[in-house]
Amino acid sequence: MKFLTTLLLILLMTCPPNRAQELTEAGAPADTAVHWQALGGVDGLGRVLPSHEEVGGLRQNRHVAMFYFLWHGDGTSPRQWDLSKIISRHPEVLNDFDNPNWGGGGMYYWAEPLYGYYRADDYWVHLRSMQLLTDAGVDLVVIDATNRLIYAERANVLMEAMEAIRAQGRQPPRIVFYTNTASGETMQRIYEQFYKEDAPYRHPACWFYLDGKPLVIGHSAEAAGTDYADFFTIRESQWPTEAQKVNGWPWISFQRPQRVHVNHRGEPEIINVSVAQHPNPTAGMGGSAFYGNKDNWGRSYRNGSAGNPVEDIIYGYNFQEQWDVALRHEVPFVFVTGWNEWVAGKFPSHDDNPEHSWFCDQASPEYSRDIEPTRAAGIKDHYYMQLVSNIRRYKGMPAVRPLDKPRTIRSLRDWGRVRALYRDYTRDTRPRKHPGAQSEPRTVYVDTTGRNDFDRLKVARDRDNVYFYAQTVDPVSPVGGSNWMRLYLDADRDPKSGWNGYDFRISSGHRLEQYREGAWVEIALLDYLVEQNEMMITLPRKLVPSFAGTLNFEFKWSDNMQDEEDPLDWYIHGDVAPGGRFNFIVHEN
């Protein structure tokens with residue numbers, strides 16, 4: 001007993017005041033199992049994320065796989081690498097295979113990703129991608145190793161990002177490799193590099209299991225007699241041009257509606273959903289993007305029509321048509337193509353004109369398949385938010401936890417009694433300094449805007465006030481600029497009001513601003529307090545009309561935003577809680 005008393009005193013002395021109070025008054029730390037928080041949000045097209053009331057609770061045996069790529073910056077980028085820029089500046093290259101404005105040939109980006117032309121060993125990018133896919137509810141990322149390359153060092157960086165998220169109590173996606181060419185040989189190298197007892201890049205917590213074993217995709221016949229045959233569950237590499245295989249896992253479908261694939265038990269197991277498709281591989285995406293071939297299906301394709309890409313590309317009609325089929329079948333796995341392919345090689349044309357160029361998988365914004373955000377063609381993060389919406393319809397989602405009983409907050413110590421807790425990812429404000437994928441000129445991507453790293457957020461209220469609390473990993477930086485520790489409020493949960501749905505914001509800790517006629521207008525000064533790594537704000541309910549009755553609002557913390565007119569800034573700069581366009585939801589019973 002004396003030992004336990006001493007241990008408790010040590011805890012009280014070493015924890016910040018709010019943590020010590022949680023350990024003593026609540027008996028244990030607040031819940032940190034944060035696989036899926038019930039987040040709100042609306043995309044730039046005004047599409048509101050489905051709620052728990054619309055999609056129901058989490059369903060068992062539902063998994064989302066995301067095709068993921070590690071080949072960026074493999075040393076084969078040409079001197080000019082962005083097709084969207086090359087074609088717009090030098091359209092003559094389309095009829096001159098050897099034109100010098102192609103930049104020499106190699107792997108070309110169809111456009112610039114939001115994070116720049118990054119290399120696939122950039123931990124800063126992988127960490128953000130894993131956060132986004134975790135928040136979306138993706139269960140496994142499927143690494144493209146179909147062309148024999150396994151990108152061992154890059155896969156290791158990716159898994160280190162997964163491990164960092166898992167260490168925070170989250171459940172990030174787990175990893176699976178997809179092989180095809182020389183499948184047996186490739187699976188052997190994957191086993192030796194990642195799964196074997198003495199493998200140099202072994203991360204067991206990152207493995208996705210199926211039927212009790214780590215999953216790999218390939219040709220099972222080529223595994224016969226190998227030392228890995230009994231280690232893996234092997235699902236078959238299913239090409240869209242092949243007859244349907246038992247245990248086949250399709251990375252894309254050239255059939256509409258797309259096929260459901262069954263396992264060896266005769267059970268429907270998996271269906272593919274992809275952003276765009278190329279059922280005429282001879283033409284490839286380049287044939288449709290640049291040479292008028294209409295056999296392939298771009299982002300705007302729906303109901304048997306190519307649509308109008310100039311206007312339709314941002315809405316994801318093709319993607320949604322595929323999702324609608326998948327949702328009707330309710331199979332255990334949906335394989336989504338894809339997150340971050342970005343590049344395709346330039347090859348001699350497959351048509352009758354030797355001066356034409358052939359790009360198989362990616363060629364232009366319309367004829368590309370990536371969900372990862374980009375500013376190209378107005379795509380932004382619309383496809384990501386569309387992904388989140390459909391995963392919720394497929395898997396369900398947790399309910400929003402209501403606020404605690406009303407409580408007056410007078411000091412930071414009072415927050416220890418507030419159980420309702422919102423969590424943010426931590427250790428993601430560290431600087432970025434990493435080479436890009438460009439071969440000439442060599443580019444280094446640098447970002448040093450990370451400052452206050454949000455961790456734990458809380459909300460409380462009494463009859464007169466609503467109180468907000470933020471705890472950061474390290475001591476809060478001194479007040480500096482209007483973008484310091486800013487709090488956004490969607491007070492009425494109406495996406496059509498305010499700036500991107502936000503009616504009020506609190507800047508510099510105490511300036512309450514309302515969005516009126518296209519501008520933020522200061523309407524009051526508030527009380528706030530900062531001590532070490534804790535901050536609280538007191539907001540009188542009378543200042544926000546919708547706070548007069550039962551509370552039902554959304555909020556978001558942001559620090560060091562660089563472009564306050566662009567919500568995409570939240571994916572890149574400073575820190576934001578929750579990420580991207582997501583919001584925490586607050587409501588009373």
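Let me start with strand β12: F333, F335 and T337 point one way, V334 and V336 point the other way, and all are buried. Buried here means under 20% relative accessible area, exposed means over 50%, and partly exposed lies in between, with a 1.4 Å probe and protein chains only.

A word on the basis. This is a predicted model, where local features need pLDDT of at least 70, side-chain atom pairs count only at pLDDT 80 or more, and totals for chains, interfaces and linings use all residues. Residues are numbered from 1 along each chain as its sequence is written, and side-chain values use heavy atoms, with hydrogens and water left out.

Back to β12. The strand covers residues 333–337, and five of its five residues are buried. Strands and helices are DSSP runs, E of at least two residues for strands and H or I of at least four for helices, numbered from the N terminus. Which strands pair with β12 in the parallel sense? One is β2, residues 63–68, over four bridges. Another is β11, residues 268–274, over five bridges. Two strands pair if DSSP finds at least two bridges between them. Look at F335. A65 stands opposite F335, and F335 is also the bridge partner of N272.

F335 turns up again among the rings. Ring pairs link F335 with F67, F69, W71, Y178, W239 and W251 into a cluster. Rings of Phe, Tyr and Trp (its six-membered ring) pair if their centres lie within 6.5 Å; planes under 30 degrees apart count as stacked, over 60 as edge-to-face and the rest as tilted. The structure holds 54 aromatic pairs. Why is the pair of Y115 and W124 edge-to-face? Because the ring centres are 5.6 Å apart and the planes stand at 90°. Both Y115 and W124 are buried. Y195 and F231 are another edge-to-face pair, at 5.8 Å centre to centre with 65° between the planes. Y195 lies in helix α7 (183–195) and F231 in the loop between β7 (213–218) and β8 (233–238), so this pair ties together parts that are 36 residues apart in sequence. Are the two partners buried or partly exposed? Y195 has 2% relative accessibility, so it counts as buried. F231 is partly exposed, because its relative accessible area is 24%.

Now charges over rings. A charge sits over a ring if NZ of Lys or CZ of Arg is within 6 Å of the ring centre and within 35 degrees of the ring normal. R299 lies over the face of Y383, 4.6 Å from the ring centre. The charged end of K346 sits over F97, at 3.5 Å from the centre of that ring.

Next, the core. A nonpolar core is a set of buried Ala, Val, Leu, Ile, Met, Phe, Trp, Tyr and Cys residues joined through side-chain atoms within 4.5 Å. The largest one has 133 residues, and Y384, F555 and W557 touch the most other members. Apart from this core lies another, of 14 residues, including L83, I86, M285 and A363.

A145 is worth a stop. This residue is in strand β4, residues 140–145. A145 counts as buried because its relative accessibility is 1%. Beyond four places in sequence, the contacts of A145 (heavy atoms within 4.5 Å) are I150, F177, Y178, T179, N180, T186 and I190.

Two loop residues. D404 lies between α11 (382–395) and β16 (422–423). What does the side chain of D404 reach at 2.5 Å? The backbone nitrogen of R419. Neighbours within four places aside, D404 is in contact with R417, V418, R419, A420 and R461. S349 sits in the loop between β14 (347–348) and β15 (357–358). At 18% relative accessibility, S349 counts as buried. A polar contact of 2.5 Å joins the side chains of S349 and D351. Such a contact is a pair of N or O atoms within 3.5 Å; within protein, one must be able to donate a hydrogen and the other to accept it, and residues adjacent in sequence count only if both atoms are side-chain atoms.

Last, an open sheet. Its five strands run in the order β16-β19-β20-β26-β25, with antiparallel pairing. The edge strands are β16 and β25 (527–531), each pairing on one side only. Inside the sheet, seven bridges join β20 (465–472) to β26 (534–540). In β26, I537 is the bridge partner of F468.
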